[in-house]
Amino acid sequence: MARSGRHLARRSAVQALYQWAMTGQDAADIITSFIENDALKGKHKEYFNSLIEIIPVYIEQIDELVDPFLDRDREKVDPLEQAILRLGAYELEFSPDIPARVVIDEAVDIAKAFCSDNGYRFVNGVLDKIAATTRPNEFATPDESSS
C-alpha cells in the first residue's frame, strides 16, 4: 500500500521525536540528519520540519494534555508510544484543519509499525479521549452520541 507524503512526514517525525527524547539532541541537528536520509520532499519535508521544530517548544503543554488519559506514569510509557502520542496530541490541539479521525488513524498505523502488539490499542484509546476533549463537536464519544 502506497503511503502519502504526509504519512511519511509523520512517521519520520515520530522517529525524530523519539531520537530527541532519548538523546536530548537539538531539533535542528535531528532535522538535518533525517532530511539527508529520508525521501521527504516539498511540502511534506516542510511539514516534518515544522513538527520537529514546534513540538519540543510546546512539549509541556502537550504532555499536560496527554497525561490525564494515561493509565500509568508517563515515564513508564514506551518511548515510541510517547512520541506517537505527542505527535497526535499536537495535531489534535494545534491543527484543526486535520480531521481528528485522520490524526488518530495515522497514529494507529504508525503504532502498528513501530510498537508492541498492544501499543496501537493504547495509542488509539488515549488519542480518542484527547480528541473528545479537544474537539468535542467533531469527535463525540459513543456515550455522547447516543444521548
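Is F94 buried, partly exposed or exposed? At 29% relative accessibility, F94 counts as partly exposed. The model is predicted.

**Packing of α5 with α6**
- Helix α5 spans residues 79-94 and helix α6 spans residues 100-114.
- Their axes lie 10 Å apart, at an angle of about 170°.
- Angles over 145 degrees count as roughly antiparallel, and α5 and α6 are therefore roughly antiparallel to each other.
- On the α5 side, the contact is made by L80, I84, G88, E91 and L92.
- On the α6 side, A100, V103, A107, I110, A111 and F114 meet them.
- The residues of this contact divide into nine nonpolar, one polar and one charged.

**Length and burial of α6**
- The 15 residues of α6 should span 21 Å at 1.5 Å a residue.
- The end C-alpha atoms of α6 are 21 Å apart, which agrees.
- Buried residues of α6 are A100, V103, I104, E106, A107, V108, I110 and A111.
- Their cover includes α1 (5-23), α5 and α7 (119-134).

**Aromatic pairs**
- The count comes to two aromatic pairs.
- One of them, Y58 with F94, is tilted, with 4.9 Å centre to centre and 40° between the planes.
- Y58 lies in the loop between α3 (42-54) and α4 (59-66), and F94 lies in helix α5, so the pair ties together parts 36 residues apart in sequence.
- Y58 is partly exposed, with a relative accessible area of 35%.
- Ring pairs link Y58, Y90 and F94 into a cluster.

Methods:
Residues numbered from 1 in each chain as written. Predicted model: local features only at pLDDT ≥ 70, side-chain atom pairs only at ≥ 80, totals over all residues. Heavy atoms only, no water. Axes fitted to C-alpha atoms, helices over the stretch in contact; angles between N-to-C directions. Helix = DSSP H or I, 4+ residues; strand = E, 2+ residues; numbered from the N terminus. Parallel < 35°, antiparallel > 145°, perpendicular 65-115°, else oblique. Contact = heavy atoms within 4.5 Å. Nonpolar A, V, L, I, M, F, W, Y, C, P; charged D, E, K, R; others polar. Expected span 1.5 Å × (residues − 1). Buried < 20%, exposed > 50% of the residue type's maximum accessible area, 1.4 Å probe, protein only. Phe/Tyr/Trp six-rings, centres within 6.5 Å; stacked < 30°, edge-to-face > 60°.
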